[in-house]
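I opened this entry to look up how two parts of one chain meet. My notes follow the structure.

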2 protein chains.
Amino acid sequence: MNDGTTSGPRGSRPAWEPAPLRQVRLAGGLLGERQRTVLDRSIDQQYAQCRDTGRIDALRLAWKPGSELPKPHIFWDSDLAKWIESAAYALTIEPNPALEARVDEVVRLLAGSQQPDGYLNSHYSAVEPDKRFTNLRDCHELYCAGHLVEAAVAYHEATGKREMLDVMCRYVDCIDRTFGPGPGKRRGYDGHEEIELALVRLWKTTGDARHLALAKHFIDVRGTRPYYFDVVARARGKAVADDGGPRYDYFQAHLPVREQATVEGHAVRAMYLFRGAADVAAATGDEELLQTCRRAFANVVDRRMYVTGGVGSTRHGERFTYDFDLPNESAYAETCAAIALALFARSMTNIERDGRYADAMERALYNGVLSGMSLGGTRYFYANSLAADPRWHEFEGGFPARRQEWFGCACCPPNLARFLASLGTCAYSVGDGELAVNLYAPSEFTFDVGGSRVTVRQETSYPWEGRVVVQVGASAPARWTMRLRVPGWCEGATARVDGREPRVRRGYAAITRTWRDGDRVVLDLPMPVRRVHADPRVRHDAGRVALTRGPLVYCLEEADNGRDLNAISLPQASAIRARHERTLFGGVTTLTAEAVREKPFPGGELYRDRGPETRRAKITAVPYYAWANRGDGEMTVWIRQSR
Amino acid sequence: MNDGTTSGPRGSRPAWEPAPLRQVRLAGGLLGERQRTVLDRSIDQQYAQCRDTGRIDALRLAWKPGSELPKPHIFWDSDLAKWIESAAYALTIEPNPALEARVDEVVRLLAGSQQPDGYLNSHYSAVEPDKRFTNLRDCHELYCAGHLVEAAVAYHEATGKREMLDVMCRYVDCIDRTFGPGPGKRRGYDGHEEIELALVRLWKTTGDARHLALAKHFIDVRGTRPYYFDVVARARGKAVADDGGPRYDYFQAHLPVREQATVEGHAVRAMYLFRGAADVAAATGDEELLQTCRRAFANVVDRRMYVTGGVGSTRHGERFTYDFDLPNESAYAETCAAIALALFARSMTNIERDGRYADAMERALYNGVLSGMSLGGTRYFYANSLAADPRWHEFEGGFPARRQEWFGCACCPPNLARFLASLGTCAYSVGDGELAVNLYAPSEFTFDVGGSRVTVRQETSYPWEGRVVVQVGASAPARWTMRLRVPGWCEGATARVDGREPRVRRGYAAITRTWRDGDRVVLDLPMPVRRVHADPRVRHDAGRVALTRGPLVYCLEEADNGRDLNAISLPQASAIRARHERTLFGGVTTLTAEAVREKPFPGGELYRDRGPETRRAKITAVPYYAWANRGDGEMTVWIRQSR
């Protein structure tokens with residue numbers, strides 16, 4: 001079973017849709033446990049943070065100059081929006097009256113803060129009511145709106161309640177009256193993309209063509225001349241050159257989107273932009289725009305993505321830099337950016353029905369996303385380094401090698417919560433008579449196909465073991481296609497159903513048959529430990545390997561291996577042993593090997609002609625996502641390889 | 001000939017003094033040419049920069065609020081002071097009436113800006129006259145004063161003119177009335193050390209015991225409780241915690257100086273502090289303070305110094321970080337800090353009469369200092385990376401991989417000029433009936449000993465070849481000791497005079513005899529290419545070697561080796577060939593070797609299980625000091641070594 005095909009234009013092939021969250025249950029296993037932690041702990045902890053920092057009270061619009069109240073920040077609505085969205089997913093998964101009451105209260109406050117013309121923003125309405133929509137470049141106004149729209153859609157889907165959805169439709173009406181291609185409207189767009197993808201979500205719920213049209217407009221107007229940000233700067237009486245701040249490419253506004261051949265600028269913004277563009281392309285059948293998204297995606301995964309699925313190589317601008325520039329210690333790899341890549345990949349998976357996209361989604365999820373949250377679910381990384389020395393990180397400032405409970409700019413914690421709560425939508429896709437299993441995890445998914453109500457249930461220890469048993473329950477026999485993803489990292493995968501072996505195309509083993517109750521597929525994904533090399537143009541990984549097993553990237557931590565991790569090298573011939581440890585981190589598979597450790601120079605000199613003495617040393621690697629859960633210490637993903 | 005001795009307490013052994021600059025002539029050779037370039041080009045170019053940026057006009061104190069004149073910056077006097085100092089050294093070396101007239105004009109302006117009570121500072125006198133001496137922590141007031149004192153001493157020594165010296169003595173009187181241990185005086189000290197070492201220089205010229213006492217006071221009061229910076233902050237009505245800004249260790253004010261076991265904080269400040277402390281210790285016979293300096297020096301060279309002699313591992317605070325933290329790409333290694341280390345080492349060499357200190361001086365000079373200036377002498381590095389990718393440096397901001405003509409904070413260019421103009425003082429030391437040759441370069445030094453006027457003349461192609469012929473001219477026979485430094489990097493050195501071979505002690509071959517006119521010593525310092533390893537705790541150098549030959553550290557540049565320098569590895573067995581190239585960079589020895597280059601993955605994937613294919617590749621290394629003189633490109637000092 002192997003996959004020699006490559007993706008081409010999709011023509012008129014219909015797309016999949018993400019599985020409706022309500023129809024998926026994750027139960028146990030690594031992903032299920034992470035989701036459980038979010039539902040049981042993170043959502044409450046984040047509510048408390050939002051409350052204690054004034055983000056909720058800000059909706060009362062009580063702040064005044066000279067007031068003792070904390071001044072509402074331009075980001076705050078988005079934090080609250082993502083908290084609502086995560087609560088909505090939690091309520092979709094299981095009832096929780098206390099949580100629902102809490103959301104209802106916040107929604108009431110939101111509704112109360114809405115201005116007569118529909119405008120809604122706790123910063124501008126209280127602090128600078130005369131400045132609204134005057135600085136889209138820097139002030140995240142439509143970004144906040146977009147997150148509120150996503151939350152409204154999610155809460156409507158979770159509860160059937162319309163209040164927040166109606167509030168947000170009125171706000172979108174206000175935005176639509178202000179911005180767009182029509183006469184008298186401004187040709188602006190937000191410096192931080194989000195509204196585009198949110199409007200497509202809204203359109204899918206409302207069916208209102210204006211919502212999709214406005215999303216498409218925001219994509220199309222971006223980066224056109226004259227630059228909107230210049231027009232606005234001039235209106236504020238500033239010469240463009242004096243406006244200062246980041247360059248256009250930081251905002252993905254240096255070129256019209258369809259002309260952007262590479263992903264540039266702030267990583268989260270870029271990924272939100274291309275996800276929105278992909279969703280617009282799928283909704284409108286815009287092949288040119290879709291081709292732009294394919295190209296952007298390839299630029300990311302083939303040139304600018306860490307092995308963990310993290311993106312954004314520098315803290316300076318939290319941004320993409322240039323091809324093959326992937327420093328490990330100073331990696332930014334913001335948690336939000338890994339989430340954004342996973343969600344862009346989810347869209348592309350469903351549009352292209354191609355496992356290469358789901359491969360990137362899985363890579364980001366298991367590594368650069370999960371690493372963002374402590375095992376306890378209440379501490380978070382904003383930046384996800386691939387090598388850490390806590391002392392170095394301390395001297396660099398603002399870049400700690402330790403998870404924090406919250407941040408002044410707190411985008412990552414609620415983004416983690418909403419993403420992990422909605423994992424079911426990534427795990428399965430449906431459409432065109434097909435069910436695709438994208439992620440393997442103990443779970444079940446129920447859907448209707450050909451007059452049959454079907455439940456597929458996965459039994460698996462994935463990602464610790466590669467065997468997945470898919471059990472089909474069906475109310476009636478029906479002919480449809482099950483697609484089981486064969487990860488790009490996997491060689492020698494086998495799937496068997498009734499003794500037959502399906503073919504793999506575009507990253508999925510496809511089984512088309514009349515499925516009956518009790519059918520059973522056994523998928524085996526061999527999971528040897530792999531030494532992964534980076535293209536030699538990645539200068540920081542030269543001569544090094546990353547240990548991986550299945551979808552997991554591993555790292556060395558000081559807790560297991562002592563300090564000076566770069567003094568360790570792993571001989572090419574060393575066998576690496578995988579062993580499941582039930583007690584560590586709630587149960588993980590660790591890797592051990594015989595390695596070589598260079599000894600400090602005994603004479604106390606810093607430099608000398610003779611190379612260091614060495615000794616043998618056993619090393620232990622743990623999954624990257626679990627690092628920094630045992631106190632401060634060094635960590636490295638890329639390990640020096642020696643002969 | 002070898003050196004098995006180690007340094008111990010020096011007891012009452014008298015110290016050397018730096019050779020008086022007037023008695024040294026550098027002529028040709030690498031150091032002589034670099035000094036020639038400073039004399040012929042840099043001093044004029046820097047004068048023009050000082051003039052065009054308003055640094056000279058600032059002395060007219062004409063700036064007023066609302067004025068169109070550039071507002072005098074708190075650093076400006078120090079830039080001008082270092083320019084005067086470099087001009088003074090140029091005038092010491094050779095007459096230059098136009099330059100002298102230019103300095104006289106600046107001195108007149110300086111004198112005119114002096115306040116009735118002696119105070120002198122172009123920023124405070126014009127901009128905030130009521131704020132003088134209120135924020136020593138941040139505002140560089142005594143730092144500027146120190147540089148002006150150094151300039152005044154140098155100009156007096158160069159010309160015999162007293163005007164600037166008198167002006168500065170009056171200013172020092174004003175400082176002495178304000179600060180000190182006595183009743184009614186403030187117990188302050190400057191956030192940026194410099195005044196301490198300058199006062200020792202002034203004392204050597206004036207013989208005024210108050211000058212030395214004030215220097216000693218500033219050393220002794222530093223870091224004592226209650227912290228002076230806190231006292232001042234409270235006087236300004238600020239709680240200490242609210243004062244913000246850097247921590248005490250940034251200013252070397254976290255502990256009394258004698259209790260500082262490691263070098264901490266801003267690298268230039270730390271090196272200026274310990275140089276000043278060493279000079280005070282030598283002048284006062286303070287063995288405890290000297291021991292502090294020995295310990296600090298050892299901490300630098302054994303734990304915190306780049307192989308280039310650069311110090312300061314991070315741009316964040318331009319500071320020392322922690323032992324073995326020496327990242328290459330983000331190295332700060334400010335040019336001023338390498339100069340400061342060299343000058344600290346000059347002091348320690350003379351006090352300790354031990355070649356280990358001169359080794360560090362030579363290392364810094366030939367590498368981390370010379371790299372700060374373009375071959376043309378008019379462009380400068382502030383930070384001296386040990387690995388560069390111009391695209392990375394651009395994204396990091398404020399850290400270019402290209403020399404600049406000037407800087408807003410322009411400390412480095414005039415520091416380079418004054419240091420290179422005064423190199424003669426580093427090359428030779430005298431005292432206690434000894435002449436020490438610390439640096440090898442075509443040069444001569446004239447001094448009086450035992451009733452004889454002696455001239456020693458070096459004939460050498462050092463650092464390109466290791467043979468040095470020292471020719472002695474003497475007006476009469478006299479018995480004295482010639483000490484020829486045997487660098488720490490050198491094995492198998494031989495020195496011969498009349499067929500006899502002197503013994504090496506404390507890094508110098510000592511020849512005590514009755515020297516006669518025409519005597520001749522032939523020193524041979526074998527200069528094989530060396531592969532230098534760093535202690536394995538230097539995590540960024542693990543598995544790598546730096547190529548060195550003699551005192552020079554080499555690097556690979558893109559101009560010779562193409563891009564992706566980290567895709568290159570140098571097999572352990574590869575022979576490295578040194579060849580002198582007369583046309584490159586005005587004549588340098590380059591190194592070539594057969595190496596291995598890893599090829600990009602042909603399939604376009606970023607990560608794969610199989611390691612890269614390789615091909616053989618010839619590499620060429622050039623002296624580090626000469627890098628970035630052929631356009632923008634990658635550079636690396638530390639080269640991956642393979643079997």
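I started from one pair: Arg485(A) forms a salt bridge with Asp359(A), with the closest N and O atoms 2.8 Å apart. I note that the model is predicted.

I then looked up the bounds. The domain assignment of chain A gives domain 1 as 21–426, domain 2 as 432–524 and domain 3 as 530–642. I kept to domain 1 and domain 2 of chain A, whose C-alpha centres lie 32 Å apart.

Next I took the contact counts. I found 21 residues of domain 1 of chain A in contact with 22 residues of domain 2 of chain A. For the area buried between these two domains I have about 1,700 Å², and carbon and sulfur atoms give 50% of it. On the domain 1 side, Gln23(A), Arg353(A) and Glu362(A) lose the most area to domain 2 of chain A, together 31% of what that side buries.

I went back to the polar terms. The rule finds 4 salt bridges across the interface of domain 1 and domain 2 of chain A. Between the two domains I also have 13 residue pairs in polar contact, both residues at pLDDT 80 or more.

I then asked which elements of domain 1 of chain A touch domain 2 of chain A. Strand E2 (24–26), helix H1 (29–52), helix H14 (335–352) and helix H15 (355–369) of chain A each supply at least two residues of that side. The largest share, 7 residues, comes from H15(A). By class, I logged 10 nonpolar, 5 polar and 6 charged residues on this side of domain 1 of chain A.

Technical notes: Residues numbered from 1 in each chain as written. Chains lettered and ligands numbered in written order. Predicted model: local features only at pLDDT ≥ 70, side-chain atom pairs only at ≥ 80, totals over all residues. Heavy atoms only, no water. Domains from an automatic or database assignment. Contact = heavy atoms within 4.5 Å. Buried area = accessible area lost by both parts, 1.4 Å probe. Salt bridge = Lys/Arg side-chain N within 4 Å of Asp/Glu carboxyl O. Polar contact = N/O pair within 3.5 Å; in protein donor to acceptor, adjacent residues only side chain to side chain. Helix = DSSP H or I, 4+ residues; strand = E, 2+ residues; numbered from the N terminus. Nonpolar A, V, L, I, M, F, W, Y, C, P; charged D, E, K, R; others polar.
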